[in-house]
Every structure is written in structure tokens, then in C-alpha cells.
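Here is a short tour of a protein chain, meant to be read with the structure open beside you.

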Amino acid sequence: MFKTLFITLFFIFSAIFIASVQANEVNNSLVVGAQQYAKYLPQLKNKRVGLVVNQTSTVGQTHLVDALLTKNINITKIFAPEHGFRGDHDAGAHVKNAVDGKTGIPLISIYGKNKKPSQAALVDVDVIIFDIQDVGVRFYTYISSMHYMMEAAAEQGIEFLVLDRPNPNIAYVDGPILEPQFKSFVGMHPIPVLHGMTVGELAKMIKGEGWINKAPALKLTVIPVDHYTRKSTYSLPIKPSPNLPNDQAIALYPSLCFFEATPISIGRGTDFAFQVIGYSPVALGDFNFTPRAIKGAALNPKFKNQTVQGLDLRQANISGLNLTYLINAYTELSKNNISFFERADFMDKLAGTNKLRLAIEAGQSEAQIKQSWQAGLAQFKTQRAPYLLYK
């Protein structure tokens, strides 16, 4: 018995080790835009620079802010998106204007009431750099912040430079196309939930399709990732936000985020956010967990200090957009006369349409729902083709 257990554990840990080595090999072969100084430092010479950055904006082990300061770049402003400059704010938490304690550079919030900086905030900026790790999902708000910063740059005659990074979900194009009436900060562009583009490619599309005011006037430069393809895998070295702690959470995020519009917990307030599903009193599975307050990640999670039952998806083999969990949970709660889409308007904003919610309520299968998206996805793939940087 012990011999069998030892052999099993040996193979499990060997597989984990090999996967880790392979991920590191892929990561090490890539050269993100921020690392390619020769391609963009000349553009910054004698310019006043504003940075849209967070904790993922690193060059090796050094933050981009510090790296550019050592090269005598004149950084006049840092613009902080959702989760803040250091990535330590809860989802939806207000980000305040401040001063960076390390460098003394003014921090301007672009999350909350002032999503687009004012003319006054940009008076001492000649070029804006956007360098943030995204996860390739429409409702992840960093691309919404990029939209507003691009628009402000276009309106004020400021250059805009995107230092590109890989998209860990680049292999997938799936979900409904956002309809104009459902446009919000969690969905600003007529693209699918999983758009399969890097922020650099998306920036080119935003300008090219005229999705911002004065788009033709914007001077846009994108520094692509070297040695990167659409088949590349990429393990994020730094978590992109407090509740996406690892690759599994990032893979599950597009499927589980819809639960934010329901009473179901997806693990906020645990060490495995976006990797579990739970509810009480109806059990959605046989895995128990108890959400708690976690500073900087979830101060008031659903079912705080209560035990819920559901599914442990930390080892689930998932890719792309999976509606099974959402449909099954809807069915279970409905059988018990419990309202599922308790924030229907938010669900529709996340989906970019009310058709997904209505289809689930009508009892359609995942296959039927996904079939309804195919024409829109085909059109989107044709539309995005001119803006792609990677094969």
C-alpha cells in the first residue's frame, strides 16, 4: 500500500516539476515590451512621461518606474488603475490620489469617479506608457482603463506607448459579443468575453476601429513581445490582481466571474479565489470552505465566516469559457426556489448582453448557447485580423 502511494506521489510531483520547468523555459525565452529599452527609450528622450502601471509592471525583478528612473527618464505622473499602483486594493475598492512614498511621484487614480484623467492632470505629460499584465478577458478592467487613457491622450495630443505582455488566455476566442446598450466599465468594446488579443493588439484595434474620441489623432506605438506566438503558454510571474493568485484562477476566471452577479461564492475570502464554487444552505458539491476577511483582497466576502459546500476546481482541467458550472448552479438553486441572478443588470453587463442570462433561464444547453455566438465570433475574428501582432 505504502509503495503504491509512494509511486503515485512520485509521478504527481514529477509532473508538477516538469510543468514548472517547461513554463519557466517558455517565460525565459520571451522578451516583454518593457525589457526592450532600445526600441522605446529614444521616444522618451527629453519628454515628460506618465505611466499607467501596477505591481505587474516589472523588468526582471525591477519595477518599470525604478528602471526608467535609473535611466534618467523624467516621470511626472503615475496613473493607478483598479487594485491600485501596488495591486493591494480589493475589487471595486476606491483608489485615491496620492504620492508614491518611494519616489515622490504623484499618483493619479483612474479607478472610481475619475476613470479618464482631466486636462489638468495631463498638463505636464508628453507621452503615456501603458505597461500592465492583462488576462485576456473583456470584463477585466485594465483594458477599460487603457481605453480611457488612450482617449485622453488623443484629445490632448499626447503620445501613447504600449509595452506589450503575453495574454495567458490568448488561445481562446469565445463568448457573446458586447452589444452597445450593455456597455460599461466591465465591457467597453464590441468584442467577445475571451478576445484572444494582447493589450498591444487591442490598443491597435481600439484606435483602428475608432472606438475612442479623436482616434485618428492618436500617435500610438506598440512594442511587441519578442519570441511570442499565439500558441505560446505563459505562466504569470506576478499575480495580476489580489484574487487571481495563480494560473488556475486565471484559467477559471472567464467562466466563474459570472457568479459575481449571483449569491454563489467563488472563493473570495479564501486562499483559492476563483478556484472554488460554494453556497449555503443548498450544497453544490461535497467540498467545504469558509470565506474570511482578507485585507487587500476581500474584506467582506460572500458568506463571511460561514461554511459553504460546493466544488473544488483547483485541479480541474479547464480551458476557455465553460458554462457548465453556471448552468448547474442555476438549476440547483431554482429547484429550491432561490433567486439566482439576483443582480441581473450586472450579469448582463458582464456578459455584454441579456441573451446569455435569458438563455440559461429558458433552459438552453451550453451547446445551444455557444452555437448562438458563432456568427458573431467569426465576424470578430475577421475584424481583428489586421491588428494582430503574433502568428
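Asp126 sits in the loop that lies between E6 and E7. The model you are looking at is predicted. The protein chain holds 11 helices and 12 strands, and 55% of its 391 residues count as buried.

**Around Asp126**
- Asp126 has 25% relative accessibility, so it counts as partly exposed.
- Setting aside neighbours within four places in sequence, Asp126 is in contact with Lys47, Arg48, Ile158 and Glu159.
- Gly50 lies 76 residues away from Asp126 along the chain, yet their C-alpha atoms are separated by 7.7 Å.

**Strands E4, E5 and E6**
- Strand E6 (residues 106-109) pairs with strand E4 (residues 74-80) in the parallel sense, over three bridges.
- Within that pairing, Phe79 stands opposite Ile108 in E6.
- E6 also pairs with strand E5 (residues 98-99), this time in the antiparallel sense and over two bridges.
- Val99 has Pro106 in E6 as its bridge partner.
- E5 and E6 make a hairpin with six residues between them, and Gly104 in the turn has a positive phi of about 80 degrees.

**The sheet of E10, E12 and E11**
- These three strands form an open sheet in the order E10-E12-E11, with antiparallel pairing.
- Strand E10 (276-279) and strand E11 (287-289) are at the edges with a single partner strand each, so one side of each has no neighbour in the sheet.
- On average, neighbouring strands of this sheet are turned by 40 degrees against each other, direction ignored.
- E10 and strand E12 (residues 308-312) run antiparallel and are joined by four bridges.
- In this pair, Ile277 stands opposite Leu311 in E12.

**Helix H4**
- Helix H4 (residues 142-156) has 15 residues, which at 1.5 Å a residue should span 21 Å; its end C-alpha atoms are 21 Å apart, in agreement.

- In soluble globular proteins, nonpolar side chains tend to be buried together.
- Here the largest nonpolar core has 97 residues, and those with the most contacts inside it are Met146, Phe160, Phe258 and Phe259.
- H4 supplies the largest share of this core, with eight residues.
- A second, separate core has 24 residues, including Leu64, Val65, Ala67 and Val127.
- Beyond its neighbours within four places in sequence, Phe258 is in contact with Phe139, Val193, Leu321, Leu326, Met347, Leu350, Ala351 and Leu356.

**The chain as a whole**
- Among contacts in the protein chain with a separation of 6 or more, 73% are between residues 24 or more positions apart.
- The accessible surface of the protein chain comes to about 17,300 Å², and 53% of that belongs to carbon and sulfur atoms.

Conventions. Residues are numbered from 1 along each chain as its sequence is written. This is a predicted model: local features need pLDDT of at least 70, side-chain atom pairs count only at pLDDT 80 or more; totals for chains, interfaces and linings use all residues. Side-chain values use heavy atoms; hydrogens and water are left out. Two strands pair if DSSP finds at least two bridges between them. Axes are lines fitted to C-alpha atoms, for helices over the stretch in contact, and angles run from 0 to 180 degrees between N-to-C directions. The expected span of a helix is 1.5 Å times one less than its number of residues. Buried means under 20% relative accessible area, exposed over 50%, partly exposed in between (1.4 Å probe, protein chains only). Contact means heavy atoms within 4.5 Å. Accessible areas come from the Shrake-Rupley method with a 1.4 Å probe; for residues, only the protein chains shown count as cover. A nonpolar core is a set of buried Ala, Val, Leu, Ile, Met, Phe, Trp, Tyr and Cys residues joined through side-chain atoms within 4.5 Å.
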